[in-house]
Amino acid sequence: MNEKAIVARLAQLAEIGKHAGGIDRALATPQERRARELFAKWARDGGYALTQDAAGNLFARRAGARTDAAPILVGSHLDTVPTGGAYDGAYGVAGAMCALELLDRRGITLQHPAEAVAWAGEEGSRFPLGCLGSSAFTGLWRLEDVLALSASDGVMLRDALNSAAGGLLPDVPARDAQRTAAYLELHVEQGPVLERGGVPLGVVTAIAGQRRYSITIEGESGHAGTVPMQLRNDPLGAAAEVVLAIESSARDAGETVATIGRFTVEPGGTNVIPARVIFSLDVRSPLDDRVSMVEEAAHRALETAQRQRRVQGSMECLEARPPAPMDERMRAAVHRAITGMNERAIDIPSGAGHDAMCLARIAPAAMIFVPSIGGRSHVGAERTADADLERGVEALAAAIIEVDAALGEN
Ligand code: HGY
Ligand code: MN
Ligand code: MN
């Protein structure tokens, strides 16, 4: 396949899990498995050795001159948020495959093996852990704890990965090696900076720290028509005050974002005072102490609501990841590669989370961004221009060569 393969491949992937509101490919669903099957087909067509691990991560290995050397991993994720776009994650997986093929076409021999990787469950949209596959691969989470995670529909990941519908691919050899010489990830920016600056490429400096919580507030349910307002213990009113306190604390903290993306009211009758509300909280900042400020503000607001509204509240931290600086040497190698293409790049922080956050804990890691039109992502309207997609693959291939050389003997 040629340089334009990236556009064709993304079009193929975009058909998998497509619905009126975007693309839905949650981990270990039939549609996400079909995306993994497509990756496996590309790998076999390219002559790359395919392996998968018990968390569902898929690896396509291009041999290097030094067969005993640890590989350079190049990947991203195939899963999406429920109303995902065609580029978040998919671009980095298809782009990794296209970059390896581009090296083949140009007869480039690397010292290190290079592996295109499709990480499992980066979005955390079905099982309550983001970067699920890369957390298991890097040992940040124990495999047995990851496999024991249950989706909101009660299905355990272990069972989902053992199912025929959404499970591991049959006849793909198992992989348990973790040795990684370096990690590269190509991704759409998902924000407006590159487009606004008219710059075609970004080299990520650091990935913002993030924490995910689940907040539950319980009150006293009752008839919507007969309970006077002053006698109510309404958990939803309490939640509204907590949400607004979180929002203003993130705003006051600066360089910090807080999002409530999922909100459940039980029992959910329009003429029933709620008994319980459960909502998610996602807080991020390049500065970890700012995330703590929002966490503390949420706890204070919860305590006040409990006292004033006679409700019971709890806040569980599901996941906490510190800011992840990218490796200086790797960033320099990526800049050299882009300069060698006579292209321009800027340094840019990432507010979005990526598998590179995990890989950076076990190997030198770097990320390359291409512009997102309108800065939009996690929406069906997510879009990146074809020329930018192709340029990103060229940059990734050049960066793999530079990193291979920079790694030298190790
Ligand atoms: O939430 C994130 O930043 C990533 O898309 N999972
Ligand atoms: Mn992503
Ligand atoms: Mn995403």
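Me: Is Asp-171 buried or exposed?
Reply: Asp-171 counts as exposed, at 67% relative accessibility. Buried means under 20% relative accessible area, exposed over 50%, and partly exposed in between, with a 1.4 Å probe and protein chains only. This is a predicted model, in which local features need pLDDT of at least 70, side-chain atom pairs count only at pLDDT 80 or more, and totals for chains, interfaces and linings use all residues, while side-chain values use heavy atoms without hydrogens or water. Residues are numbered from 1 along each chain as its sequence is written, with chains lettered from A and ligands numbered from 1 in the order in which they are written.

Me: Where does Asp-171 lie?
Reply: Asp-171 is found in the loop between helix 6 (157–162) and strand 7. Helices (H or I, at least four residues) and strands (E, at least two) are DSSP runs, numbered from the N terminus.

Me: What about phi at Asp-171?
Reply: Although Asp-171 is not a glycine, its phi is positive, at about 50°.

Me: And what is phi at Cys-131?
Reply: Cys-131 has a positive phi of about 50°, and this residue is not a glycine. It sits in the loop between strand 6 and helix 4. With 2% relative accessibility, Cys-131 counts as buried.

Me: On to the metals. Which residues coordinate the manganese ion (ligand 2)?
Reply: His-77 (NE2), Asp-88 (OD) and His-187 (NE2) coordinate the manganese ion (ligand 2), at 2.1 to 2.3 Å. Donors are N, O and S atoms within 2.8 Å of the metal (3.2 Å for Na, K and Ca); water is not among the atoms, so sites may look incomplete.

Me: How are the donor residues of ligand 2 spaced in sequence?
Reply: The spacing is H-x10-D-x98-H. His-77 lies in strand 5 (residues 72–77) and His-187 in strand 7 (residues 182–188), so these two histidines tie together parts that are 110 residues apart in sequence.

Me: Is His-77 buried or exposed?
Reply: His-77 is buried, at 0% relative accessibility. His-187 is buried as well, with a relative accessible area of 1%.

Me: Which are the protein donors of the manganese ion (ligand 3)?
Reply: They are Asp-88 (OD), Glu-123 (OE) and His-378 (NE2), lying 2.1 Å from the ion. Along the chain, the donors of ligand 3 follow the spacing D-x34-E-x254-H.

Me: Where are Glu-123 and His-378?
Reply: Glu-123 is in the loop between strand 6 (114–119) and helix 4 (132–137), and His-378 is in the loop between strand 18 (365–370) and helix 12. The pair links distant parts of the chain, 255 residues apart. Glu-123 counts as buried, at 8% relative accessibility, whereas His-378 is partly exposed, with a relative accessible area of 35%.

Me: Which residue bridges the manganese ion (ligand 2) and the manganese ion (ligand 3)?
Reply: Asp-88 bridges the two manganese ions, which lie 3.6 Å apart.

Me: Changing topic to helix packing: at what angle do the axes of helix 10 and helix 12 cross?
Reply: The axes of helix 10 (residues 328–340) and helix 12 (residues 386–407) cross at roughly 130° and come within 8 Å. Axes are lines fitted to C-alpha atoms, for helices over the stretch in contact, and angles run from 0 to 180 degrees between N-to-C directions. That makes helix 10 oblique to helix 12. Angles under 35 degrees count as roughly parallel, over 145 as roughly antiparallel, 65 to 115 as roughly perpendicular and the rest as oblique.

Me: Which residues of helix 10 and helix 12 make the contact?
Reply: From helix 10, they include Met-330, Ala-333 and Val-334. From helix 12, Ala-395, Glu-402 and Leu-407 are among them. Contact means heavy atoms within 4.5 Å.

Me: And how do the axes of helix 3 and helix 12 cross?
Reply: Helix 3 (residues 90–105) and helix 12 have axes that come within 9 Å and cross at roughly 60°. The two helices are therefore oblique to each other. The residues in contact include Tyr-91, Cys-98 and Leu-103 of helix 3 and Asp-388, Leu-396 and Ile-401 of helix 12.

Me: One more: which peptide bond is cis, with omega near 5°?
Reply: The bond from Glu-266 to Pro-267 is cis. Pro-267 is in the loop between strand 12 (263–266) and strand 13 (272–273).

Me: Lastly, what is Gln-312 in contact with?
Reply: Leaving aside its neighbours within four places in sequence, Gln-312 is in contact with Thr-216, Ile-217, Glu-218 and Gln-306. Gln-312 lies in strand 15 (residues 312–321) and is exposed, with a relative accessible area of 54%.
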